[in-house]
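Hi,

Here is the structure I promised to pass on. Have a look at it first, and then read my notes on what turned up.

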Amino acid sequence: MRKLYLYNTLSKSKEEFNPIKDDQVGLYTCGPTVYNYAHIGNLRSYIFADFLARVLRYNFGQNRLLWVMNITDVDDKTIRDSKIKYPDMDSMPALKKLTSEYEGIFWQDMEKMNILKPNKVTHAADDYYILKMQDLVKKIVEKGYGYVKEGSVYFNVKKYSNNHSYGKLINLDVSNLKLGVSVEADEYEKENVQDFVLWKGRKSDEPFWEFLLNNESLPGRPGWHIECSAMGEAELGMPFDIHTGGIDLKFPHHENEIAQSIIGYNVAEPVNFWIHNDHLLVDGQRMGKRFKNFYTTKDLEEKGFKPLVYRFYCMQTNYGKQMNFTWEGLKASQEGLNHLYNQVKELIEVSDNQRENLGVSDGSFDLINKDFKNEFIESINDDLNMSKALAVLQKTIKSNLSKKEKLNTILDFDKVLGLDIEKEIYNQPISDEINDLIKQREKFRREKNWSESDRLREEIEKLGYGVEDGKDGMRIIKK
Ligand code: AMP
Ligand code: ZN
């Protein structure tokens, strides 16, 4: 097996990846905060996570990966917007209503980009995980790294940084830290490094959960950072293999996750590999809701682009680099992807009968070219070099292998690329009706009953398919 190399933010270098456990690869992805539509910058982050998940499955086997993604459905922003959108409702049902609406849209977007659903989706506002978060807060306080102030619980960063390296993901300077100065907001800049909040005391118009800490009643809700630490540990144990997110999450979110887990779960490092995607930009600025410069999947569709084109677009730039979005760039990707589909369509030269025999989906391994496959693996295993992987695909198409071998090899690559090639080239699903007509026509052709065969050709054409007869049988193409 070829080695897999991934860029680890922890060591700031490409490292060989080996799972901690023999029977499982654990991957945690910071999921969306569901208070609005995801923009295509957010989706770049999940397309990257999907490539990573597919590459891990390709390397270690389909069933070995346990991919966990959380949904942040309680935090400052979800609460703020639920109050605005549903002012007449009680705070908890308003929050649930807003977050479930946007979560639904999020999964639709994910499907359109062919992002496979993670094995486990965890909701921060789920009572089960709230208890896990509270347990973690208790442990941190018991160990002397958390303190209560005005009904909220904070993490003592100054104390932690005396004997741990706080800020290692971004090389933070902590020399100016003051004791007991705390920040209540979930998000803040690195210039503002202070004690961060683990548990936020109840505000009268906000959703809350009961919490008993050392016999003190502290109704409230979790801070954002504690959510991911607790959900990651609950599903994957500690330490686990890989944690992903966009680079803006390195600080404070991931830094704080590390600190909480090291203290609360008693581990030297909670995660072996931290992997971050860089941002999608528009006109040189990061795409973001607060910058009001964002596009959603709906915007792409309204301009006539299939969302999958954006996935293909994302393959042109390594996830670890900034990528500037332009409509011209997207247009070029649309042309590139259509060209690819047409190239692969040229490889289908088989009758319906033979098509069944291809066995493409369940992997006719002897028909997958080993040399090209090796080259493909080398590309994806070099820190997910997807543009190189596409170049290997082109090389395969232009090689002198048989059409059948090319097709099988390409469809195998598509397990990682996720471009829906099989579906596109066959314009699947071909209905049972068409399949029956094809079979009947094959029979007439074998019997040299040309008039019946012509009649069925017309019938198939009426249903929107072109029929070409070649020496290997007939070829069916959707018009
Ligand atoms: P959020 O829903 O705001 O929590 O963000 C979801 C994910 O999108 C996080 O991993 C962010 O780091 C990532 N993200 C946000 N903006 C961008 C962007 N412009 N480009 C790429 N990733 C982004
Ligand atoms: Zn997170």
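Let's start with helices H9 and H10. H9 covers residues 307–314 and H10 covers residues 327–345; their axes come within 9 Å and cross at roughly 100°. Anything from 65 to 115 degrees counts as roughly perpendicular, so that is the label for H9 and H10. Keep in mind that this is a predicted model.

Which residues make the contact? On the H9 side they are Leu308, Val309, Tyr310, Phe312 and Tyr313. On the H10 side you will find Gly329, Leu330, Ser333, Gln334, Gly336, Leu337, Leu340 and Tyr341. Sorted by type, the residues of this contact come out as 9 nonpolar, 4 polar and no charged.

On to the charged side chains. Side chains of opposite charge can pair when their charged atoms come close. How many salt bridges are there in this model? The count comes to 29. A few that I looked at in detail:

- Lys77 with Glu187: the closest N and O atoms are 2.9 Å apart. Lys77 sits in helix H2 (residues 76–85), while Glu187 is in the loop between strand S8 (182–183) and strand S9 (195–201), so this pair ties together parts that are 110 residues apart in sequence. Glu187 has 42% relative accessibility and therefore counts as partly exposed.

- Lys83 with Asp205: here the N to O distance is 3.1 Å. This is another link between distant parts of the chain, with Lys83 in helix H2 and Asp205 in the loop between S9 and strand S10 (212–213), 122 residues apart. Both ends are partly exposed: the relative accessible area is 40% for Asp205 and 33% for Lys83.

- Lys298 with Glu302: the N to O distance is 3.9 Å, and the cut-off for a salt bridge is 4 Å. Both residues belong to helix H8 (residues 297–302), and because they are 4 residues apart there, about one helical turn separates them. Glu302 counts as exposed, at 59% relative accessibility.

Some of the salt bridges also share partners. Which residues do they join into one network? Asp76, Asp186, Lys200, Glu206 and Arg221.

So, if you open the model, you could begin with the H9 and H10 contact, which has no charged residues, and then go to helix H2, where Lys77 and Lys83 each pair with a residue in a loop.

Cheers

Conventions:
Residues numbered from 1 in each chain as written. Chains lettered and ligands numbered in written order. Predicted model: local features only at pLDDT ≥ 70, side-chain atom pairs only at ≥ 80, totals over all residues. Heavy atoms only, no water. Axes fitted to C-alpha atoms, helices over the stretch in contact; angles between N-to-C directions. Helix = DSSP H or I, 4+ residues; strand = E, 2+ residues; numbered from the N terminus. Parallel < 35°, antiparallel > 145°, perpendicular 65-115°, else oblique. Contact = heavy atoms within 4.5 Å. Nonpolar A, V, L, I, M, F, W, Y, C, P; charged D, E, K, R; others polar. Salt bridge = Lys/Arg side-chain N within 4 Å of Asp/Glu carboxyl O. Buried < 20%, exposed > 50% of the residue type's maximum accessible area, 1.4 Å probe, protein only.
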